Amino acid sequence: MSRTFYVTTPIYYVNDVPHIGHAYTTLAADVLARYKRLKGYEVFFLTGTDEHGQKVEKAANAAGETPLELADRVVKRFQALWDKLDVAPTDFIRTTQERHKKGVTHIFRQILAQGDIYLGEYEDWYCTPCETFWTETQLIDGNCPDCNRPVEKLKEESYFFRMSKYQDRLLAHIEANPDFIQPKSRRNEIIAFVKEGLRDLSISRTSFNWGIPVPDNERHVIYVWFDALTNYITALGYPEQGGDFTRYWPVDVHLIGKDILRFHAVYWPTFLMAAGLPLPKKVFAHGWWTVEGQKMSKSLQNVVEPNMLVDKYGIDAVRYFLLREVPFGLDGDFSHTALVHRINSDLANDLGNLLNRSTAMVNKYFDGVLPQPGPLAELDAAFRGKTETMVAQLDACLDELAFSKGLQAIWEVISAGNKYIDETAPWTLAKDPAQRERLGTIMYTLLEVQRIVHILLTAFMPRTAAKALGYLGWSAPPRGEDLRWGGLVAGTHIAKAEALFPRIEEKDE
Ligand code: ME8
């Protein structure tokens, strides 16, 4: 039986246009999807858009459009950006699609029939930007404790989900499954939150109508988070059994930002428990990007637009930078200086230079024909060993979503490659005909290491890796087996590489 891997991103609100925060989560999911596919998994990678709720309705009113017109317009921006970033999801779900509405209605009905949804009355403070209710005591200076904006008092008839009933079961699940919520600091926050006690959750609204109607009571629309979270199963065809839902659920990992952890680690699992469905294997909350030291916001006009970054620096530089610069799970700061520095030092100097130097030498000393290696000397064997260790390290790192650490492991090998050239000094050996075989072994080792490096990099920088593999005469689509040592065949034509990443003048920034 083949192994499967299911990864999701949040579905993004269509009242805002995509920025680097959205690109970040989606790129991380894309890297994981590509890597797992390389390793032979059958992968389902889901992203999409969250199109219902008061926030979207208000934005549409302000723009003089219907909510669906707004959604149709903004969804294209998200899809175009994913294309532009070489992000290739298996499916893109929109919560206004029939398949989604059908699944949401189904799960609502099921939990209602089962007794965990009941009709009651709600009175509390509501923050529209966050689509969240707060109690009086949770407010800070009368404002929303999350975003600091004003809240409004809402009183309405509402359907409630009996979340309180699941408090102990959820806590037991979190405690029995240390990997369920990651990273650890976030897990502790959730444990503390659940221990404080779970209230029943209001899951319908009557004050507006842009949403999925409650079955058999159309005065109510279903709460946008109940609607949105369900996308993770409706995209798989839920409630239909036997297809993708049976194949891919429970999800391997929900990737999200830390801002929406509670919805994913408390609400969603309890909805699933009530519906009798298995829980996600992992919810990973990554950190938050600031920009040049400041919170990214429309009012500060410092929102980083990914299209602009790609036009200026190239797709793969952006993909690399976002995953390399900050350990996944921690907060980070975006700056042009840091990005240019990474391009110049990691990509141009280390990665690009190694490929240039080595392909140039094979051309100079062997007319561009890869020589047959002789026995490996100690230096060569150590370099090969380091490469093999890197392959295993990357696997472990990506299982922990440690993208940055995984890239560091790859870059240690790249640096070792540049050092290996300096230590073996091929230019000296080239002068001595007796050292011909030794020189050939060194060239083979250098290129074979880079073949493995670039196969791993196909997950992170698909275009660059394909280009580099092309110079190495490797055109087959890479597979996991190709990570084994010895794939390059003597006699292969090695093209002299052009610069993979031109240096950028730092003063231009
Ligand atoms: O919350 N740094 O949608 P959303 C890092 N529709 N990541 C960021 C970020 C930043 N500064 N800003 C945004 C929603 N993100 C709901 C989700 S899921 C069932 C429903 C990323 O459009 C991060 O992934 O506000 C965050 O969780 C997501 O965008 C929020 O996107």
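## Residue classes around the ligand

Ala, Val, Leu, Ile, Met, Phe, Trp, Tyr, Cys and Pro count here as nonpolar, Asp, Glu, Lys and Arg as charged, and the others, Gly among them, as polar. In this predicted model, the shell around the ligand comprises 12 nonpolar, 9 polar and 2 charged residues by that division.

## The ligand site

The ligand sits in the largest pocket, and of the 23 residues around the ligand, those that come nearest are Ile 11, Thr 25, Asp 50, Gly 257 and Trp 289. Strand β1 (4–13) and the helices α1 (20–38), α7 (224–229) and α8 (231–234) each contribute at least two residues to the shell, with β1 giving the largest share, 4 residues.

Of the 670 Å² that the ligand exposes when taken alone, the protein buries 94%.

## A three-stranded sheet

Elsewhere in the description, an open sheet of 3 strands runs in the order β9-β11-β10, with antiparallel pairing. Because β9 (204–205) and β10 (213–214) stand at the edges and each has a single partner strand, one side of each is left without a neighbour in the sheet.

The antiparallel pairing of β10 with β11 (residues 217–222) extends over 2 bridges, and Pro 213 stands opposite Val 221 in β11.

Terms used: Residues are numbered from 1 along each chain as its sequence is written. This is a predicted model: local features need pLDDT of at least 70, side-chain atom pairs count only at pLDDT 80 or more; totals for chains, interfaces and linings use all residues. Side-chain values use heavy atoms; hydrogens and water are left out. Two strands pair if DSSP finds at least two bridges between them. A residue is near a molecule or strand if one of its heavy atoms lies within 4 Å of it. Accessible areas come from the Shrake-Rupley method with a 1.4 Å probe; for residues, only the protein chains shown count as cover. On a 1 Å grid over the protein atoms alone, a cavity is a set of points where a 1.4 Å probe fits but cannot get out, and a pocket is an open set with protein on both sides within 12 Å along at least five of seven lines; lining residues have an atom within 4 Å of a point. A molecule sits in a cavity or pocket if more than half of its atoms lie within 2 Å of its grid points.
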